Amino acid sequence: MRRFGTLVAVAALLVLGAPAASAAEGWVTVGSDRARPLDESQGLATVVRPGGTTIRYTGIGTIPLDLRVKGWNHVGDPGSALGYYVEPYQRDDRGAKLFRVQAPDGKTTDYQHALESWEANNNSFAAVSPDGRWLVAGEWGTMDRLLVHPMPGVAFTDPGKNLPYASAIRLDHPVRDVQGCDFVTATRLLCSSDDPDGKLFGVTKPLLQVDLSAPVHGSDVTGKVRSLGQLPLESACGGDFEAEGIDYDERDGTLRVVVVSPGICAAIDSKTWRFRAA
């Protein structure tokens with residue numbers, strides 16, 4: 001009996017220590033890559049250009065010095081479409097948000113958006129619509145909207161003027177602490193939420209699907225939100241994980257989501273998880 005009990009205990013430990021399959025509905029975990037804490041911990045975007053394809057990451061260590069000295073001290077989850085690459089920046093005061101846009105030819109231009117009176121100063125992510133005409137951005141906290149701007153460098157081309165607010169995606173269900181979104185189609189977004197208590201969807205750190213009533217444009221559209229389940233939370237350390245940015249690679253259908261490990265393990269086993277449609 002003692003031997004049987006030992007075998008059961010060992011089996012239990014093996015099960016507990018084995019990588020858990022993703023609970024995300026419709027998606028299968030196909031692997032993961034280590035995410036470095038300084039330059040791969042905020043988000044990522046697949047940038048497809050005639051000269052080649054790269055996966056660009058952001059983190060606290062990627063903030064350019066020229067922006068940091070001007071007060072933009074946080075970079076969010078970047079976005080890309082049609083060769084354009086966008087990094088969203090925020091500052092601690094009620095100053096403007098900033099979107100740094102790199103065109104397909106490599107030229108970089110900064111566009112600023114002055115906050116609306118009702119707008120939070122957080123600039124958590126940038127998602128570019130598949131047609132390259134619109135930029136979707138997000139705020140921190142519990143929200144019932146995502147913000148839409150004309151795409152800087154494409155539909156809005158004067159960096160000397162304020163990048164205007166154009167419309168909103170009006171969500172049918174509140175979301176909390178959305179760290180990143182990316183378009184899968186013109187009418188579907190996938191978003192990573194850092195929701196810490198699970199009261200909104202019954203699970204912490206959910207992967208969210210937002211189905212739009214129409215492609216984003218200059219007028220509001222509605223978004224139907226549902227949780228696809230909890231993102232993988234695996235680390236040698238116990239404690240609070242942080243769900244970060246998200247990217248959908250339309251070339252092969254790979255979905256990537258950054259999850260930062262708790263405590264000191266943030267530097268050891270944080271991961272960019274890779275998924276494929278089931």
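The torsion about the S-S bond of Cys-181 and Cys-191 is about 105°, so this disulfide is right-handed. The model is predicted, and it holds 2 disulfides. Other topics below are an open sheet of 4 strands, the largest pocket and the largest cavity.

**Disulfides**

- The sulfur atoms of Cys-181 and Cys-191 are 2.0 Å apart.
- Cys-181 lies in strand 13 and Cys-191 in strand 14 (residues 188–193), so their bond ties together parts that are 10 residues apart in sequence.
- Cys-181 is buried, with a relative accessible area of 1%, and Cys-191 also counts as buried, at 3%; the cut-off for buried is under 20%.
- The other disulfide joins Cys-237 to Cys-265, with an S to S distance of 2.0 Å.
- The link of Cys-237 and Cys-265 is right-handed, with 65° about the S-S bond.
- Cys-237 sits in the loop between strand 16 (221–230) and strand 17, while Cys-265 sits in the loop between strand 18 (254–260) and strand 19; the two are 28 residues apart.
- Cys-265 counts as buried, at 3% relative accessibility.
- Counting bonded cysteines along the chain, the disulfide pattern is 1-2, 3-4.

**Open sheet**

- Strands of a sheet pair through backbone hydrogen bonds, either parallel or antiparallel.
- The open sheet has 4 strands in the order 1-19-18-17, and its pairing is antiparallel.
- Strand 1 (27–34) and strand 17 (242–249) stand at the edges with a single partner strand each, so one side of each has no neighbour in the sheet.
- On average, neighbouring strands of this sheet are turned by 25° against each other, direction ignored.
- Strand 1 pairs with strand 19 (residues 271–277) over 7 bridges.
- Val-28 stands opposite Arg-276 in strand 19.

**Largest pocket**

- The largest pocket contains about 300 Å³ of space.
- Its lining has 16 residues, and those nearest the centre are Ser-80, Ala-81, Leu-82, Tyr-248 and Glu-250.
- Strand 2 (43–49), strand 5 (79–81), strand 13 (178–185) and strand 17 each give two or more residues to this lining.
- By class, the pocket lining divides into 9 nonpolar, 3 polar and 4 charged residues.

**Largest cavity**

- Rolling a probe the size of a water molecule over the atoms shows where empty space is left.
- The structure holds 1 cavity of 30 Å³ or more, and the largest cavity has a volume of about 40 Å³.
- Residues lining the largest cavity include Glu-139, Met-143, Arg-145 and Val-178.
- Strand 11 (residues 142–150) gives the most to this lining, with 3 residues.
- The cavity lining has 4 nonpolar, 1 polar and 2 charged residues.

Technical notes:
Residues numbered from 1 in each chain as written. Predicted model: local features only at pLDDT ≥ 70, side-chain atom pairs only at ≥ 80, totals over all residues. Heavy atoms only, no water. 1 Å grid on protein atoms, 1.4 Å probe; cavity = no way out; pocket = protein on both sides within 12 Å on 5 of 7 lines; lining within 4 Å. Points joined across faces, edges and corners; volume = space filled by probe spheres on them. Nonpolar A, V, L, I, M, F, W, Y, C, P; charged D, E, K, R; others polar. Pairing = 2+ DSSP bridges. Axes fitted to C-alpha atoms, helices over the stretch in contact; angles between N-to-C directions. Disulfide = S-S within 2.5 Å. Buried < 20%, exposed > 50% of the residue type's maximum accessible area, 1.4 Å probe, protein only.
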